[in-house]
Amino acid sequence: MKIRFHRKLYKGRMVLNAGKAVKMLSEGKTSPLLYCIVRSPDGRSVELVSSGWFSQPWYEDREIYVVGIASGWKDGIELLSSIMQETVSGTGDTDIVRYLFPGEDINGGGA
């Protein structure tokens, strides 16, 4: 599993130590309480998942692109909502992927 982080990593308001969370994920460690907003496998959307999922065999050969980190599901939903509000304010549109990855041809998929 290879993890990449968005240049502007979003953090939930309940995340106390983002550096520690990033280091943990970079080392391949996971926690069911650490939620991540990740780019979907097809690259056309984002998803909120528990980092505990990253220990599943399906993720073994995948590249995971983390856009945001949150402490728990509720913090993750609030963070995702905040990113959506920022997207709409900045673009007048709800396309989070185009907002987060400007100039990229998302029709080609993947990060």
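**Notes on the predicted model**

1. Overall size. The chain has 111 residues, for which a compact globule would have a radius of gyration near 13 Å; the chain has 13 Å, so the two agree. That radius is taken over C-alpha atoms, and the globule rule is 2.2 Å times the number of residues to the power 0.38. Along the principal axes, the C-alpha atoms fill a box of roughly 35 × 30 × 20 Å.

2. Ground rules. This is a predicted model, in which local features need pLDDT of at least 70 and side-chain atom pairs count only at pLDDT 80 or more, while totals for chains, interfaces and linings use all residues. Residues are numbered from 1 along each chain as its sequence is written, and side-chain values use heavy atoms, with hydrogens and water left out.

3. Layout. The chain holds three helices and four strands, running β-α-β-β-β-α-α from the N terminus. Helices (H or I, at least four residues) and strands (E, at least two) are DSSP runs, numbered from the N terminus. Of the contacts in the chain with a separation of 6 or more, 61% are between residues 24 or more positions apart; contact means heavy atoms within 4.5 Å.

4. The largest core. Of the 111 residues, 40% count as buried (under 20% relative accessible area; exposed is over 50% and partly exposed in between, with a 1.4 Å probe and protein chains only). In the largest nonpolar core, which has 15 residues, Leu25, Cys36, Val38, Phe54, Ile64, Val66 and Ile69 touch the most other members. Strand E1 (2–11), helix H1 (18–26), strand E2 (34–39) and strand E4 (63–71) each give two or more residues to this core. A second, separate core has 14 residues, including Ala70, Ile83, Val97 and Phe101. A nonpolar core here is a set of buried Ala, Val, Leu, Ile, Met, Phe, Trp, Tyr and Cys residues joined through side-chain atoms within 4.5 Å.

5. Cys36. Do have a look around this residue. Leaving aside neighbours within four places in sequence, Cys36 is in contact with several residues, among them Leu25, Phe54, Val66 and Ile69.

6. Helix H1. Which residues of H1 are buried? They are Ala18, Ala21 and Leu25. Because they cover an arc of only 60° around the axis, they sit on the same side of H1; the arc is that of the directions from the helix axis to the C-beta atoms. These buried residues pack against E1, E2 and E4, whereas the face turned away from the buried side carries the exposed residues Lys20 and Lys23. After H1 comes Gly28, with a positive phi near 85°.

7. Aromatic pairs. The structure holds two. Rings of Phe, Tyr and Trp (its six-membered ring) pair if their centres lie within 6.5 Å; planes under 30 degrees apart count as stacked, over 60 as edge-to-face and the rest as tilted. Tyr35 and Trp73 have ring centres 5.7 Å apart and planes at 75°, so the pair is edge-to-face. Tyr35 lies in strand E2 and Trp73 in helix H2 (residues 73–91), so the pair ties together parts that are 38 residues apart in sequence. Tyr35 is buried, at 18% relative accessible area, while Trp73 is partly exposed, at 48%. Tyr65 and Phe101 form an edge-to-face pair, 5.2 Å centre to centre with 75° between the planes, and both are buried.
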